[in-house]
Amino acid sequence: MQKMKWTSRILLAAMLISGCSTSNNRPADPIPTPTPMTTPGNELTASVPTASADTETGELPDLQVRFGYDGEPFILTLDENETAAAIARYVGEANWNLPIYHYDDYENYEVMQYYDIPSRYTIPSDPQEVTEQLAGEVYYSEPNRILLFYHDAEVVGELTLIGTFDATAEFVDAVESNPVVEGWSNKIVSISRP
């Protein structure tokens with residue numbers, strides 16, 4: 001009998017030490033995170049999202065883009081491909097505020113801007129050789145970069161078309177007049193779902 005009391009006490013102590021409790025005041029389960037994959041460059045990346053098409057039309061949703069935090073919104077109509085679908089999915093999960101660090105000190109800055117997407121986003125692509133672009137065309141380029149052409153151009157590169165803007169005079173002016181963020185040396189482009 002004495003031996004059973006000691007065994008019960010030891011089991012009770014072990015349960016208390018290991019954190020087992022009958023209390024209903026347990027902390028919530030942690031939020032699951034995407035399972036990382038190892039790439040050939042030995043970097044960790046999130047898994048690729050599935051397409052996020054409108055269930056009624058089967059088309060990808062348009063995205064709203066502002067040049068500067070308080071800029072007027074312009075609609076980016078997405079192309080039907082995996083690259084655009086991944087971007088739409090990620091923007092649907094969290095709006096993007098992408099910095100433009102270099103806006104007037106690189107080749108072709110007078111016809112295009114580029115925005116770096118954080119490396120935690122894995123964007124699939126199917127690049128094609130492109131030799132000329134129209135104002136309003138938006139491309140994806142490795143590594144995790146969006147290229148916006150706001151004037152017609154002849155820039156050679158391996159790019160994936162992801163969508164287009166209506167290249168009105170107001171649109172071109174908004175891109176060119178995007179203000180530098182006060183206290184910083186960069187500009188911002190904000191991308192969201194309308």
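Rings of Phe, Tyr and Trp count as a pair if their centres lie within 6.5 Å.

**View 1. Aromatic cluster in the predicted model.** Phe 67, Phe 74, Phe 165 and Phe 171 make up one aromatic cluster. A search of the whole structure finds 8 aromatic pairs. In the pair of Phe 67 and Phe 74, the ring centres are 6.3 Å apart and the planes stand at 50°, so the pair is tilted. Phe 67 and Phe 74 are both buried.

**View 2. The pair of Tyr 139 and Phe 149.** The planes of the rings of Tyr 139 and Phe 149 meet at 90°, with the centres 5.8 Å apart, so this pair is edge-to-face. Tyr 139 belongs to strand S8 (residues 137-141) and Phe 149 to strand S9 (residues 145-149), so the pair ties together parts that are 10 residues apart in sequence. Because buried means under 20% relative accessible area, Tyr 139 counts as buried at 5% relative accessibility, and Phe 149 counts as buried at 0%.

**View 3. Buried and exposed residues of helix H3 (residues 169-176).** The buried residues of H3 are Phe 171, Val 172, Ala 174 and Val 175. Seen down the axis of H3, these fall within an arc of 160°, so they line one face of the helix. Exposed residues Ala 169 and Glu 170 are carried on the face turned away from the buried side of H3.

**View 4. Cover of the buried residues of H3.** Strand S3 (63-67), strand S4 (73-78), strand S6 (112-116) and S9 are among the elements that cover the buried residues of H3. One of these buried residues, Phe 171, also belongs to the aromatic cluster with Phe 67, Phe 74 and Phe 165.

How values were computed
Residues are numbered from 1 along each chain as its sequence is written. This is a predicted model: local features need pLDDT of at least 70, side-chain atom pairs count only at pLDDT 80 or more; totals for chains, interfaces and linings use all residues. Side-chain values use heavy atoms; hydrogens and water are left out. Rings of Phe, Tyr and Trp (its six-membered ring) pair if their centres lie within 6.5 Å; planes under 30 degrees apart count as stacked, over 60 as edge-to-face and the rest as tilted. Buried means under 20% relative accessible area, exposed over 50%, partly exposed in between (1.4 Å probe, protein chains only). Helices (H or I, at least four residues) and strands (E, at least two) are DSSP runs, numbered from the N terminus. The arc is that of the directions from the helix axis to the C-beta atoms. Contact means heavy atoms within 4.5 Å.
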